[in-house]
Amino acid sequence: MSESLDVAASAEDGVLLGVATLSRAYMTHGELPEIYDVLTARLERDPNDACAMLDLSTIAHLLGDAEAHVRLQHDALSRRRIFSLPVAQRDDRVRLLAIVTAGDFMSNTPLEFLVEDGAIALRFLYVAPGEAFPDSLPDHDVAFVAIAEGDRNRAVLEQIETAVATWPRPVLNLPGAIARLTRDGAFRLLKDAPGLVYPVNAAVTRGALEAVVHGATAIETLLDGASYPVLLRPRGTHAGEGLAKIDDAEALAAFLSSQAVDEFYLAQFVDYRSPDGLFRKFRLLFIGDAPYAAHLAISGDWMIHYLNAQMHEERHRAEEALFFERFDDDFAARHRAALTEVARRMQLDYFAIDCGETPDGRLLLFEVGTAMIVHSLDSVETFPYKQPQMRKVFDRFAAFIREARDRALAQPAAE
């Protein structure tokens, strides 16, 4: 039996396999069915095994079973609110408490992918609106607010804002800064940053869009003068879900007829094709105020996701490898003013951006947030250059958490 299956079969109380381990099993088409069987057997032996429930909820989410995901997650969190990941027995590990909430993979910062090597002992405290914090918090050196911006998370972020004001340990990613990261809110924060192009983003209602369809309002009125083509998506969606490029009022009418919701995000579309006709999307990770390269996706389609980009082509992988190798002296140097200002205005310890470059060489920002996944799950055989880059990122993240702990320890105790 593999190491992961050993953990699933004999996990300590409160210890999860977790999202990273289960995602790796899913992506490699390896042990996920076996893991599922072991977790199911554990739950049959102990119907109150909350860890098995939560891991099975993750598997359901990976397999696209939304109903089972929500049900199992609810059942698990009704039984306990504190969970841990397995950690290596290391004298130098730091105890990190992630404050999280129920939801899908985009509901929380995916910290698990950053700490797989065990340098950080990660525990989760699940919170929900209106629920009091436990009287006794788990032992930890540093806390991290991992709840991402989102309509359904707004109330719990406001609740945590009060709690962390008197937190007994250092707290990273303060909830007030996270809550500002709506698509229109982030636009307002960054729209005039030097060297940065941030397409106009606006929160709009169905009524306002229907007025455009009927000719009562011009699209430019909703986008500070920007016109077609525009990008439109239902509010609260991510990863391109429901996203469409709209070229005229007729296309806008067709889009609205396909949607059942009443609130949307509208954005200006900027054509960011490179001279070779391909689109390039860069994901950068900020740890402290320093940017790190996470991936480069290349595609003939403007709507790029790494999994559907044309990264199977050897020349594209070679370009990504070169992007990693030269990042500090090339991409980061060319866009230093913009990246420095983005980091300053965000007031976050950790976040990520998806971006491109305009034809005239400026940084083009698509999205900023705290829930974008950065991982080392790609095939080592196909992407041998990614492991060293991810190792650099993960080591820096661990060092950053350690530095936060050490700064707190160096402060004189309050009298």
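1. Let's start with Leu63, which is exposed, at a relative accessible area of 56% (exposed means over 50%, with a 1.4 Å probe and protein chains only). Leu63 sits in the loop between helix H4 (50-62) and helix H5 (66-79); helices are DSSP runs of H or I with at least four residues, and strands are E runs of at least two, numbered from the N terminus.

2. A quick word on the source: this is a predicted model, where local features need pLDDT of at least 70, side-chain atom pairs count only at pLDDT 80 or more, and totals for chains, interfaces and linings use all residues. Residues are numbered from 1 along each chain as its sequence is written, and side-chain values use heavy atoms, leaving out hydrogens and water.

3. Now look inside: there are three cavities of 30 Å³ or more. A cavity is a set of points on a 1 Å grid over the protein atoms alone where a 1.4 Å probe fits but cannot get out, and lining residues have an atom within 4 Å of a point. Volume is the space filled by probe spheres set on the points, which are joined across faces, edges and corners.

4. The largest cavity has about 340 Å³ and 23 lining residues, with Val19, Phe105, Asn108, Glu112 and Tyr126 nearest its centre. Helix H2 (18-27), H4, H5 and strand S3 (120-126) each give two or more residues to that lining, and H4 gives the most, four.

5. The second largest cavity holds about 40 Å³. Its lining includes Leu114, Arg391 and Phe394, and helix H15 (residues 386-410) supplies the largest share, five residues.

Key. Buried < 20%, exposed > 50% of the residue type's maximum accessible area, 1.4 Å probe, protein only. 1 Å grid on protein atoms, 1.4 Å probe; cavity = no way out; pocket = protein on both sides within 12 Å on 5 of 7 lines; lining within 4 Å.
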